[in-house]
Amino acid sequence: MTGGSFSKVGVVGLGTMGAGIAEVLARGGLAVVGIEVGPEALERGRGHLESSTGRAVKRGRLTEEARREILGRVTLSTEFADLGDCDLVIEAVPERLDLKRRVFAELDRVCRDDAVLATNTSSLPVTEIAAATARPAQVVGVHFFNPAPVMKLVEVIRTVLTDAGAVARVAELVTGLGKTPVTVGDRAGFVANRLLFGYLNQATAMLENGHATRDDIDTAMTVGAGLPMGPFTLMDLIGLDTCLEVLEAVHAESRDRRHALPLLRELVTAGLLGRKTGRGFYDHGAAPAPAGQPSERPSEAAPPTVGVAGTDPSALAVAAACARAGGRVRATADAESGLRALLDDSAALARIETGDPASFADCDLIVADASAPLAALGEAAGPDAVLAVASGTGPVVEHAAATGRPGAAVGLHLPEPGGTLVEIATTVLTGPGTADRAAALVAALGLTAVRCRDRAGFIVDALRFPYLNDAAAMLAAGYADADSIDAAMTLGCGYPAGPVADLDRLGLDRAVTVLRALYAEAREAALAPSPLLEEHVRAGRRTLR
């Protein structure tokens, strides 16, 4: 690895992030000068460096000799003057614009005229930071992700004043350090945080308005969307104060209601900052909730008898799960062919019986789409049966009413038809205990149930598609290309796939359908499908690439 045109680099601020950046630079063979405000802070920074490299040795990722060499390349000081011969200085102090501007004014004074100055800000405007210096052409953003030694993404931010050569030199350095640079313009949140925190805050609003519980939202996004962490677990890990700082910066620019943050501000004001204080959205000192509470997990109960009518993918997936689990399935003629196409197990296929709604009398769970004869199904169902209306967008209350037994009806949706998560939506007409019975029946099929209110998109799609829509809008605006946007979310946030790849996988027509339903319900402009998505769908294209 190499530093390219940089051979000596300063790092101002040796908290967890700054120390991580210093370690990355030293691992790359560069001489590093680490600066802190006083002796105590400097010792904490030394401790961060020693602990991180020590863990790497214990895990077999570094030899003890390599660790000594890395630490030997780092000089620690409390004097800004010691940065005077650095080729590049990276600021990593807390996310306060006034503090960063003071640091840059001092760097402008002590650093060589040809030195490049960089800020590791995650959301603040680089242009305003650069304005504190007499060399704005040599100021760039260089946003590492935590933990810096592990995460591969680095966002390199240019302003309208930044010299292209300075940007290129920093991107070359990042590549030489074994990272992936994504070069973008100066916009609040850049790529990763702009997309990530809009989604996180929308999950917070979903919790605040009582749409679903904290645990059900987290479960939905891990089991149903395949994310490594649910939004509340992630925010507690990041720190709610940090989340607040990023969202305030994004909201100041966007003025989007989805970036407003009353609940988050309340928690931060109360000192509930997440893991670092022991409490945030979760109580990190409490014993974990018993398995199955409050989200229903797969159970050992005998599989129920399931009736299925219509061709909705969620309805067919639940019926297929029943057949695989050893339960009996009643299927109307239109459902049977689609159901059999999902099964290649002769034993499971043998459990399917074809019949009309009248044959569903002994079914524990009847799953039907809106095109099915809902009134006939409601009339035929037994007194304890649950009627589940499968819908890709919701709401389902009018279809529940059409069954003639709305108290026994819920909405049902699998965000991934081949997945194991089932979303159960209660309407204003759903009777007491109905959702409990639905969740227990779904769990008996080996599926994971989460609950929500009857709203467009249920949980997963209501959170996933606005995030994907934001990515499409970012692509349409020319802020970043598809590969850069995807790299930001996979390398910077640990997502299994980037948003453009996800849109292509899920289908642009589905994205537009869900977004139109969300917009019709909320009337928020940001939820309307991006013109780019609409254009591709009108052109008959299913993918953006």
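The model being predicted, local features need pLDDT of at least 70 and side-chain atom pairs count only at pLDDT 80 or more, whereas totals for chains, interfaces and linings use all residues. Residues are numbered from 1 along each chain as its sequence is written, and side-chain values use heavy atoms, with hydrogens and water left out.

The structure holds two cavities of 30 Å³ or more, a cavity being a set of points, on a 1 Å grid over the protein atoms alone, where a 1.4 Å probe fits but cannot get out, with lining residues having an atom within 4 Å of a point. Points are joined across faces, edges and corners, and a volume is the space filled by probe spheres set on them.

| Cavity | Volume |
|---|---|
| Largest cavity | about 100 Å³ |
| Second largest cavity | about 50 Å³ |

The largest cavity is lined by Tyr-199, Met-221, Ala-225, Leu-227, Leu-463, Arg-464, Tyr-467, Tyr-495 and Asp-502, and helix H18 (residues 460-476) contributes the most to this lining, with three residues. Helices (H or I, at least four residues) and strands (E, at least two) are DSSP runs numbered from the N terminus. By class, the lining of the largest cavity has seven nonpolar, no polar and two charged residues, where Ala, Val, Leu, Ile, Met, Phe, Trp, Tyr, Cys and Pro count as nonpolar, Asp, Glu, Lys and Arg as charged, and the others, Gly among them, as polar.

Around the second largest cavity lie Ile-366, Ala-368, Leu-374, Leu-377, Leu-387, Ala-388, Val-389 and Thr-403. Strand E12 (365-369), helix H15 (374-380) and strand E13 (386-390) are the elements that each give two or more residues to this lining, the largest share, three residues, coming from E13. The lining of the second largest cavity comprises seven nonpolar, one polar and no charged residues.

Conventions: 1 Å grid on protein atoms, 1.4 Å probe; cavity = no way out; pocket = protein on both sides within 12 Å on 5 of 7 lines; lining within 4 Å.
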